[in-house]
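Student: Could you give me a close look at one part of this structure, the place where the inside is packed? I'd like to follow it step by step.

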Amino acid sequence: MAFDKTIGLAAVAICLAAAGCSAESEAPAASQEQVARACSAIEDTPVQLEGGTFAMGQAEVYPEEGPVRQTTVDAFWIDPHEVTNRQFAQFVDATDYVTLAEKPVDPAAFGVPEAQIPPELLLPGSAVFTPPERPSNSYSDWWKYVPGANWKRPYGPNGPEAKGDEPVVHLGWDDMQAYARWKGGRMPTEAEWEYAASAGQPATTDQPEEANSWQGVFPAVNQETDGFKGIAPVGCYAPNSNGLYDMVGNVWEVTADLFRPGHDPADTDNPRGPSENQAYDPLNPGYPSRVMKGGSYLCAPNYCQRYRPAARQGRDPGMGASNVGFRLAYDTPPA
Ligand SMILES: [Ca+2]
Ligand SMILES: [Ca+2]
């Protein structure tokens, strides 16, 4: 299945409803009140997980996360951390690959006459979190389509370059697939990802201390008591008992499964999500959204309590964002 660079309706609304599209966005600055974090260099070697059965899903938080059902996954390997800019650069150096965000947008993707599309929306770019000055409950107030934003320049053309040890962002589904093929891996299923992230621990609604999330009232007040206002390098927080870093928080991680609100209670043996016909993302209707997991540095108690293994949302395959990344799974021991 191949997707052109499509921009979902939700993403279009982001830009049309916002004050406009900006040429750059705010790069998170260090705070004097930051908690110093000891970020350790982590091996890239994937971790082997035994198969097992676990309680997948979570009840009584968000309706799309239930029902809870005992789910079995076979053994697999998984990356110990989110794919980093350093790793993605190795792929690009070897293949000259050009990501979706670095290409002009096809006007046909909008589904409206081209004359109605602001020209800047057709420039290469991506969705960047840009904190509003005032409290707001509308995501169009903090997401902006920024021409020139891509994995190399996560905050736009005038922002800092991507740092090698931070997770790669602003990738579309095809970009992630291309990297996976080159690397000899694949996207994890949602069940594999959640099994790896939950690591045998019971579900909780507590905001985790060992994860990069948001402290304060989102989107206006970021207390950053966890040490990072924006993306953190991988490995700044303690790993889970599977030896996996930043499963929860830092950046959302796209999985192989198509999205549909809620789990199929009968699909419990190595589930792979709904078929294309059954998939449906209410936030992005008409597009084959993929499930992304674990929340990001933007998840706060007052807005997005998705700093949990069971947390899931749909992700438009045609456009990345500044808080969405991925990691790979493998069926055989990686070279
Ligand atoms: Ca944070
Ligand atoms: Ca993550």
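Tutor: Happy to. Let's begin with a word we need: a residue counts as buried if 20 or more other C-beta atoms lie within 10 Å of its own, as exposed if 12 or fewer do, and as partly exposed in between, with C-beta atoms placed from the backbone. This is a predicted model, in which local features need pLDDT of at least 70 and side-chain atom pairs count only at pLDDT 80 or more, while totals for chains, interfaces and linings use all residues. Residues are numbered from 1 along each chain as its sequence is written, and chains are lettered from A and ligands numbered from 1 in the order in which they are written.

pLDDT is the predictor's confidence in each residue, from 0 to 100. Its mean over the chain is 90, and 90% of the residues reach 70 or more. Over residues 1–26, however, pLDDT stays under 50. Where pLDDT is low, the predicted coordinates should not be read in detail.

Now for the inside. Of the 335 residues in the chain, 48% are buried. The chain has 4 helices and 11 strands; these are DSSP runs numbered from the N terminus, with helices (H or I) of at least four residues and strands (E) of at least two. A nonpolar core is a set of buried Ala, Val, Leu, Ile, Met, Phe, Trp, Tyr and Cys residues joined through C-beta atoms within 7 Å. The largest one here holds 67 residues, and Ile78, Val169, Met176, Met187, Ala196 and Val324 have the most contacts inside it. Elements giving two or more residues to this core include β4 (76–78), β5 (125–129), β6 (143–147) and α4, and α4 gives the largest share, 5 residues.

So let's stay with α4, residues 190–198. All 9 of its 9 residues are buried, so this helix is largely enclosed by the rest of the structure. Among them are Trp193, Tyr195 and Ala196, but also Glu190, Glu192 and Glu194.

Ala196 leads us on to isoleucine 78. Two residues are in contact if their C-beta atoms, placed from the backbone, lie within 7 Å. Leaving out residues up to four places away in sequence, isoleucine 78 touches Ala196 as well as Pro46, Val47, Leu49, Pro188, Leu244, Arg327 and Ala329.

What order do the strands of the open sheet of 3 strands follow? The order is β1-β4-β11, with antiparallel pairing; two strands pair if DSSP finds at least two bridges between them. At the edges are β1 (47–49) and β11 (329–330), each pairing on one side only. β1 and β4 are joined by 3 bridges, and leucine 49 stands opposite phenylalanine 76 in β4.

Finally, look at β6, another contributor to the core. β6 runs antiparallel to β5, joined to it by 5 bridges, and lysine 144 in β6 has valine 128 opposite.
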